[in-house]
Amino acid sequence: MAVTPGLGLALLCLALVAAATLVYWLAHLGSPSVVPAAAGRAVLQMSLIALILAAALRHVWSAVLVLLVMSGAAAVTSARRAEAGRSGAWLGLAIAAGTTAVLPATLLSGVVPIHGITLVSIGGILLGGTMTATSLAARRGLDAIALRRGEVEAALSLGFGDRAAHLLVLDNTAIDALIPGVDQARTVGLVSLPGAFIGVLLTSGSAVQAGAVQILVLIGLMLSQACAVAVTVELVARRRVHRARSR
């Protein structure tokens, strides 16, 4: 009896989950329940998201609402990763600065059509990459301030302002946070084929069009991440973002 695509996908996913769980157990990588729990959560979340997007992508205004919710989730995630508590809400400003530096220009240029699906697709990619860079910059920056507190206090005693003293220990924060995005642009096509390329290739069948969209997304990501990291470093230097437990 032939297996339907949907049933085949379900069986394959179950087999992969079982295999990963077995590896966790045999190699003592932690609780074996981590894999099925994470897989179950992924299935539930993607099912709900698919239902929401099916309705939201029909209109631009509803797609904008979806992006706003995604932005909020990205800000919460960055704050949690940086262990910044309530002050991490400021990281939403960094993420917004990055995405708004790229997304409006991309859509208004006419290079890609202004549709709900385009808005959420490109916006989601920009948000994901910008969130990662923001999280890294905030976490590394706050770690540097905690570990090099003596240098900050020494600079203050020499007459440096509060912002300038903190910037002295944040020298490598921006560089480290931007490495993943830059490496992705440098190795695209050689090491990996990103999602935007695969998505356009599967829908249009044109490798040239898929490559053009992917180049646009990668260059946009570098600008988005650069803006977000610059704002994040400034927020940390001005102590708008700080470790929750230090208060």
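The largest cavity holds about 40 Å³ of space. The structure has one cavity of 30 Å³ or more. This is a predicted model: local features need pLDDT of at least 70, side-chain atom pairs count only at pLDDT 80 or more, and totals for chains, interfaces and linings use all residues. Residues are numbered from 1 along each chain as its sequence is written, and side-chain values use heavy atoms, with hydrogens and water left out.

**Cavity**

- A cavity is a set of points, on a 1 Å grid over the protein atoms alone, where a 1.4 Å probe fits but cannot get out; lining residues have an atom within 4 Å of a point.
- Volume is the space filled by probe spheres set on the points, which are joined across faces, edges and corners.
- V102, T106, I122, L126, L216, V217 and G220 line the largest cavity.
- α11 (207-237) and α6 each supply at least two lining residues.
- The largest share, three residues, comes from α11.

**Helix packing**

- Helices are DSSP runs (H or I, at least four residues), numbered from the N terminus.
- α3 (residues 60-82) packs on α6 (residues 116-147) at about 15°, with the axes 9 Å apart.
- That makes α3 roughly parallel to α6 (angles under 35 degrees).
- Axes are lines fitted to C-alpha atoms over the stretch in contact, and angles run from 0 to 180 degrees between N-to-C directions.
- Contact means heavy atoms within 4.5 Å.
- Residues of α3 that meet α6 include V60, L67, M70 and R81. On the α6 side, L119, M131 and R139 are among them.

Key. Parallel < 35°, antiparallel > 145°, perpendicular 65-115°, else oblique. 1 Å grid on protein atoms, 1.4 Å probe; cavity = no way out; pocket = protein on both sides within 12 Å on 5 of 7 lines; lining within 4 Å.
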